[in-house]
Amino acid sequence: MATTLIAEIHQAQTRLPFLSRAERGALIMRILRELKTLRQEVLGNVPADRCVWIDRLIASVSSTISEIVTMQDAEFNRVLNEFEKLMATLHNISRPEKPSRTVH
């Protein structure tokens, strides 16, 4: 699911000047849902005191959605870039690459 969201973020970045506030809000809500899912699925077994960073991020995004969607395009784009990096990192953690097989 994270790879689909990353593609959606890329698409939004290319259409950024044309995105409505509602579209921006829907994208941020999708990011927030994905963060909550990854927190549960990827970090669910990690002690809570080691997950304070993501819990704070989720709380911060939840409480500032209206400010995020009204950001200037360049600022909103930077936020999307950071979410994209975070999603990719969490996706890689949740699905570690399998060791490649060498044919002899």
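I counted secondary-structure elements in this predicted model and found five helices and zero strands, taking helices (H or I, at least four residues) and strands (E, at least two) as DSSP runs numbered from the N terminus. I kept local features only at pLDDT of at least 70 and side-chain atom pairs only at pLDDT 80 or more, while totals for chains, interfaces and linings use all residues. Residues are numbered from 1 along each chain as its sequence is written, and side-chain values use heavy atoms, with hydrogens and water left out.

I then looked up helix 2 (residues 21–41) and helix 3 (residues 52–63), whose axes come within 10 Å and cross at roughly 155 degrees; axes are lines fitted to C-alpha atoms over the stretch in contact, with angles from 0 to 180 degrees between N-to-C directions. The two helices are therefore roughly antiparallel (an angle over 145 degrees).

For their contact (heavy atoms within 4.5 Å), I listed Ile 28, Leu 32, Leu 35, Lys 36 and Arg 39 in helix 2 against Ile 54, Asp 55, Leu 57, Ile 58, Val 61 and Ser 62 in helix 3.

How values were computed:
Angles under 35 degrees count as roughly parallel, over 145 as roughly antiparallel, 65 to 115 as roughly perpendicular and the rest as oblique.
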